[in-house]
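Here's a quick tour of how one part of this model is put together and how it meets its neighbour. Have the structure open while you read.

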Amino acid sequence: VLMHEPESGDKLFSVRAVTPRLMSVTSIRKFADLADKYCDGYLRWTNRNNVEFLVTDESKIDPLIKDVEDYGFPVGGTGASISNIVHTQGWVHCHSAATDASGVVKAVMDELYPYFKGEKKLPAKTKVALACCLNMCGAVHCSDIAILGVHRVLPEIDHANLDKICELPNLIASCPTAAIRPATVDGNKSVEIDEDLCMFCGNCYTMCP
């Protein structure tokens with residue numbers, strides 16, 4: 001729980017609970033109902049996928065925490081603790097993901113749970129992030145601990161059909177290191193990949209599955 005106190009002396013309490021990145025409408029409606037019950041409908045999501053209930057009546061904090069945790073969402077992640085793990089989309093939406101996101105984050109967070117709840121102490125606030133590929137749209141480079149999925153093999157090329165299913169200029173332009181070059185293979189318009197230049201980012205998967 002965070003307390004905000006301006007010069008006026010009024011107090012506002014943020015009750016922070018961890019949530020997954022992908023949420024059901026049912027859970028969001030439940031949060032809205034709890035916000036109506038305890039904090040005049042005021043709640044917000046943070047950029048690390050936490051939900052914060054904004055409470056002005058201190059006597060409502062403990063009942064709110066009980067209801068939130070009874071619904072299955074732990075309260076914590078403030079002060080010198082582990083914050084919620086922010087992550088990219090993974091296989092749910094992304095074409096270039098090298099690993100799943102939600103499953104890995106769930107497994108890691110299960111191990112770090114005592115540090116989120118404050119049952120085990122840390123010297124300072126610690127942020128963990130997971131990116132499913134080297135493009136790092138999850139901004140893992142801005143966190144204290146990064147978990148990064150990396151492709152380890154070159155894409156396989158269907159030379160006979162590539163120019164029929166993909167726009168070759170767009171495919172070639174998608175590579176940030178110019179590792180993809182036009183080529184003719186067995187009389188077919190295709191591409192070749194320079195393994196020494198490939199950074200295994202997966203950008204080409206988005207342009208040509």
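## Ground rules

Buried area here is the accessible area (1.4 Å probe) that two parts lose on being put together, summed over both. This is a predicted model, where local features need pLDDT of at least 70 and side-chain atom pairs count only at pLDDT 80 or more, while totals for chains, interfaces and linings use all residues. Residues are numbered from 1 along each chain as its sequence is written, and side-chain values use heavy atoms, with hydrogens and water left out.

The protein splits into domain 1 (2–71), domain 2 (82–148) and domain 3 (161–207), with bounds from an automatic or database domain assignment.

About 470 Å² is buried between domain 2 and domain 3, with carbon and sulfur atoms giving 51% of that. On the domain 2 side, His95, Leu134 and Asn135 supply 76% of the area buried against domain 3.

Three strands make an open sheet in the order 5-6-7, with parallel pairing. Strand 5 (86–87) and strand 7 (145–148) sit at the edges with a single partner strand each, so one side of each has no neighbour in the sheet. Strands are DSSP runs of E, at least two residues, numbered from the N terminus, and two of them pair if DSSP finds at least two bridges between them.

Strand 5 is joined to strand 6 (residues 128–131) by 2 bridges, and His87 stands opposite Leu130 in strand 6.

Methods: Helices (H or I, at least four residues) and strands (E, at least two) are DSSP runs, numbered from the N terminus.
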